[in-house]
Amino acid sequence: MIAVLGMILGVVLGLVFKPDVPLWMEPYLPIAVVAAMDAVFGALRAYFDGLFSDKVFVVSFISNVVIAALIVFIGDKLGVGAQLSTGVVVVLGIRIFTNVAAIRRHLFHA
Amino acid sequence: MPDEPSDGGAPEQPVGETKFNRRHLAELRSELAADQPDVRERMLRSFTRPSGSQVLGGVLVGLLTFAAVTQVRLYSDTNTYSGLRQSDLVQALNGLQAASTKADSEIAELTKTRNRLRNSSDQRTTALEQATKELNTLGILAGTLPAAGPGIRIVVIDKRGQYSVNHLLDGIEELRDAGAEAIEINHRVRVVAQTSFADGEGGIEVDGQLLTAPYTLDVIGDPDTLSRALDFPGGFKDDVTLDQGKTKVSTPKVVRIDATRTPTTPQYAVPAS
């Protein structure tokens with residue numbers, strides 16, 4: 001319930017404030033968003049499995065975002081930023097698919 | 001559960017459970033989950049009775065959607081180059097430079113073509129002007145164009161009808177010697193190179209047209225020279241007097257010659273060389 005409220009609030013705030021993203025953050029924001037999505041879907045899956053824990057969710061959310069951004073940052077320093085961000089997005093995408101598949105099995109038993 | 005649980009929600013392993021292997025534990029847990037009330041019921045319960053621990057999750061989800069919305073807006077709002085890395089920018093810049101070089105060379109090529117076309121059109125205009133000038137000159141010479149200019153008007157009064165063709169022809173030759181550029185007789189016949197003169201019934205036939213006295217000759221040229229050419233002994237005036245006629249000379253400001261000839265295409269003569 002509160003998560004749904006938070007989601008709506010986030011969309012509204014984003015639309016209302018139209019925040020300016022600092023230049024140094026611009027390459028990392030999309031990656032961070034994808035990593036956070038992975039964490040949220042993982043949490044949703046854990047919730048359906050009955051294994052959900054706030055602490056793990058918070059830690060995984062933050063560490064996902066930080067690690068994804070870090071990988072891209074290091075990639076940028078090494079000159080392979082574009083390729084590494086592609087790799088991160090692919091890996092996170094696969095995980096999101098897996099989690100959503102588990103959620104689907106719970107919801108529709110199929 | 002065939003899949004390993006993701007980061008998202010699996011709780012930390014309690015220390016006491018290390019003796020179980022993880023797979024076994026996961027199986028136990030999923031059995032436990034299956035024993036628990038149905039998923040839909042649990043969802044309903046957590047929707048209706050939100051607990052304090054959900055607040056943090058809500059905040060994080062809100063953060064995610066906030067960032068996602070920002071990113072979507074950023075991507076659609078700003079121009080394509082703002083989010084690019086340095087290497088991408090360098091590549092884009094290189095592409096633009098190549099395109100600009102190509103465009104420059106194209107411009108140079110087109111400018112060259114334009115100059116060439118302008119030159120040729122200039123030349124054509126000059127040629128056309130020259131041709132027009134020549135056409136006017138030749139038209140006056142050949143009598144195909146009306147002419148106007150300074151000159152004299154000679155009226156030969158020949159009441160007795162004795163003015164001879166030869167004397168008229170001599171007179172015209174003298175006028176030509178004096179620089180006559182265009183000659184017209186009786187406002188009807190233009191005198192040019194091919195003009196023929198012959199005796200006619202009660203007059204003179206010029207170019208097949210019968211002209212009768214008085215004969216009016218309109219001559220374009222320098223009026224003074226032309227007038228003097230008429231006066232010398234044995235010249236135009238003397239000839240007329242000899243044929244018992246009279247000559248009147250006037251100098252209008254502008255002599256107009258309106259009679260024209262249709263040009264004849266030479267049948268035998270062709271341009272040599």
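**Sheets, helix pairs and confidence**

Biologist: Which residue of β6(B) is the bridge partner of D199(B)?

Modeller: In β6(B), that partner is I204(B). The model is predicted: local features need pLDDT of at least 70, side-chain atom pairs count only at pLDDT 80 or more, and totals for chains, interfaces and linings use all residues. Residues are numbered from 1 along each chain as its sequence is written, while chains are lettered from A and ligands numbered from 1 in the order in which they are written.

Biologist: What makes β5(B) and β6 (residues 203-206) of chain B a pair?

Modeller: Strands pair if DSSP finds at least two bridges between them. β5(B) and β6(B) have four, in the antiparallel sense. Strands are DSSP runs of E, at least two residues long, and helices are runs of H or I, at least four, both numbered from the N terminus.

Biologist: Why are β5 (197-200) and β7 (209-211) of chain B said to stand at the edges?

Modeller: The open sheet has three strands in the order β5-β6-β7 (chain B), paired antiparallel. β5(B) and β7(B) each have a single partner strand, so one side of each is left without a neighbour in the sheet. Neighbouring strands are turned by 35° against each other on average, direction ignored. Helix α5 (residues 165-177) of chain B packs on this sheet. α5(B) touches β5 and β6 of chain B, and its direction makes about 150° with that of β5(B).

Biologist: What is the strand order in the sheet of five strands in chain B?

Modeller: The order is β4-β3-β8-β2-β9, in an open sheet with antiparallel pairing. At the edges stand β4 (189-191) and β9 (246-250) of chain B, each with a single partner strand, so one side of each lacks a neighbour in the sheet.

Biologist: Why is α2(A) called roughly antiparallel to α3(A)?

Modeller: The axes of α2 (residues 28-49) and α3 (residues 54-78) of chain A come within 8 Å and cross at roughly 150°. That makes the two roughly antiparallel. The cut-offs are over 145 degrees for roughly antiparallel, under 35 for roughly parallel, 65 to 115 for roughly perpendicular, and oblique for the rest. Axes are lines fitted to C-alpha atoms, for helices over the stretch in contact, and angles run from 0 to 180 degrees between N-to-C directions.

Biologist: Which residues of α2(A) and α3(A) meet?

Modeller: Among them are Y28(A), I31(A) and A32(A) in α2(A), and F57(A), S60(A) and F61(A) in α3(A). Contact needs C-beta atoms, placed from the backbone, within 7 Å. The residues of the α2(A) and α3(A) contact divide into 14 nonpolar, three polar and one charged.

Biologist: How do you know that α2(A) and α4(A) are roughly parallel?

Modeller: Their packing angle is about 20°, with the axes 9 Å apart. α2(A) and α4(A) are therefore roughly parallel to each other. The contact includes F41(A) and F48(A) of α2(A), and L92(A) and I96(A) of α4(A). By class, this contact of α2(A) with α4(A) has 14 nonpolar, four polar and three charged residues.

Biologist: Where in chain B does pLDDT stay under 50?

Modeller: One such stretch is residues 1-6 of chain B, with 14 contacts beyond four places in sequence. Another is residues 8-13 of chain B, with 28 such contacts. pLDDT is the predictor's confidence in each residue, from 0 to 100. Where pLDDT is low, the predicted coordinates should not be read in detail.

Biologist: What are the mean values for chains A and B?

Modeller: Chain A has a mean pLDDT of 84, and 99% of its residues reach 70 or more. Chain B averages 82, and 79% of the residues score at least 70. For the complex, the predictor gives an ipTM of 0.77 and a pTM of 0.44.

Methods
Contact = placed C-beta atoms within 7 Å. Nonpolar A, V, L, I, M, F, W, Y, C, P; charged D, E, K, R; others polar.
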